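User: Hi! I have a protein model open and I'm new to this. Could you walk me through it?

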Amino acid sequence: MEIDQIIAENLRDLMKESENLNTLKKLSAKSKVGFGTVRRTRNGDGNITVQNLEKIAHAFEKTAVYLLTKQSNNLYKQPEDQQPSARFTLHQNSPDEADLLRGYQAASAEVRQIMLNAARSSLQKKPKAADQ
């Protein structure tokens, strides 16, 4: 599952559980994040900044990591066309990946944004023939 879909699913669940933040308008006002950004995030469309993700999470008294992490109450939700054997995938991070994750978690918001920009930039570059 893509990270934007995990965020969207967690956000929809939080909104369902909260009387005070159960509409886009209420959440936008409380989090001070634009209505369109909140709507796109809830729908799993587009890219949200770390700062806006943190503001939305804070409105629910959660952290951005909470919204980024598949929650246990969502573990059993799966598309009907998926077979039960495809429900869970185990991925063990390499030591480098684990270091990057710990570094990201410990970094300031500014450094996190730099790390995200670098990662997104590297994903957009196509490998040269000599690199393959």
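User: How many residues count as buried here?
Analyst: Of the 132 residues in the protein chain, 27% are buried. Buried means under 20% relative accessible area, exposed means over 50%, and partly exposed is in between (1.4 Å probe, protein chains only). This is a predicted model: local features need pLDDT of at least 70, side-chain atom pairs count only at pLDDT 80 or more, and totals for chains, interfaces and linings use all residues. Residues are numbered from 1 along each chain as its sequence is written, and side-chain values use heavy atoms, with hydrogens and water left out.

User: What's the pLDDT like in the protein chain?
Analyst: pLDDT is the predictor's confidence in each residue, from 0 to 100. The chain has an average of 81, and 77% of the residues score at least 70. Among the elements, α2 has the highest mean (96) and α6 the lowest (80).

User: And where does pLDDT stay under 50?
Analyst: That is residues 74-89. The model has 12 contacts beyond four places in sequence for that stretch, where contact means heavy atoms within 4.5 Å. Where pLDDT is low, the predicted coordinates should not be read in detail.

User: Okay, how many helices and strands are there?
Analyst: The protein chain has seven helices and zero strands. Helices (H or I, at least four residues) and strands (E, at least two) are DSSP runs, numbered from the N terminus.

User: Which residues touch the most other members of the largest nonpolar core?
Analyst: Leu27, Ile56 and Phe60 do, in a core of 17 residues. A nonpolar core is a set of buried Ala, Val, Leu, Ile, Met, Phe, Trp, Tyr and Cys residues joined through side-chain atoms within 4.5 Å. At least two residues of this core come from each of α1, α2, α4 and α5.

User: What is Leu27 in contact with?
Analyst: Leaving aside neighbours within four places in sequence, Leu27 is in contact with Leu11, Met15, Leu21, Lys32, Val38, Ile56, Ala59 and Phe60.

User: How do α2 and α4 cross?
Analyst: Helix α2 (residues 24-31) and helix α4 (residues 50-59) have axes that come within 9 Å and cross at roughly 105°. The axes are lines fitted to C-alpha atoms, for helices over the stretch in contact, and angles run from 0 to 180 degrees between N-to-C directions. That makes α2 roughly perpendicular to α4. Angles under 35 degrees count as roughly parallel, over 145 as roughly antiparallel, 65 to 115 as roughly perpendicular and the rest as oblique.

User: Which residues make that contact?
Analyst: From α2 there are Leu27, Lys30 and Ser31, and from α4 there are Lys55, Ile56 and Ala59. They divide into three nonpolar, one polar and two charged. Here Ala, Val, Leu, Ile, Met, Phe, Trp, Tyr, Cys and Pro count as nonpolar, Asp, Glu, Lys and Arg as charged, and the others, Gly among them, as polar.

User: What about α4 and α7?
Analyst: Their axes are 10 Å apart, and the two helices pack at an angle of about 125°. α4 and α7 are therefore oblique to each other. Val50, Gln51 and Glu54 of α4 meet Ala109, Arg112, Gln113 and Leu116 of α7. By class, that contact has three nonpolar, two polar and two charged residues.

User: Which residues of α4 are buried?
Analyst: Val50, Asn52, Leu53, Ile56, Ala57 and Ala59 are. The buried residues of α4 pack against α1 (3-17), α2, α3 (35-43), α5 (64-68), α6 (95-106) and α7 (109-124).

User: New topic: is Asn10 buried or exposed?
Analyst: Asn10 is buried, with a relative accessible area of 2%. This residue sits in helix α1. Asn10 and Lys70 are 60 residues apart along the chain, and their C-alpha atoms are separated by 7.3 Å.

User: And what about Ile6?
Analyst: Ile6 also lies in helix α1 and is buried at 12% relative accessible area. Ile6 and Thr69 are 63 residues apart in sequence and 6.9 Å apart in space, C-alpha to C-alpha.

User: Last one: what is phi like at Lys32 and Glu61?
Analyst: Lys32 has a positive phi of about 60° although it is not a glycine, and Glu61, also not a glycine, has a positive phi near 60°. Most residues other than glycine have a negative phi. Lys32 is in the loop between α2 and α3 and counts as exposed at 68% relative accessibility. Glu61 is in the loop between α4 and α5 and counts as exposed at 74%.
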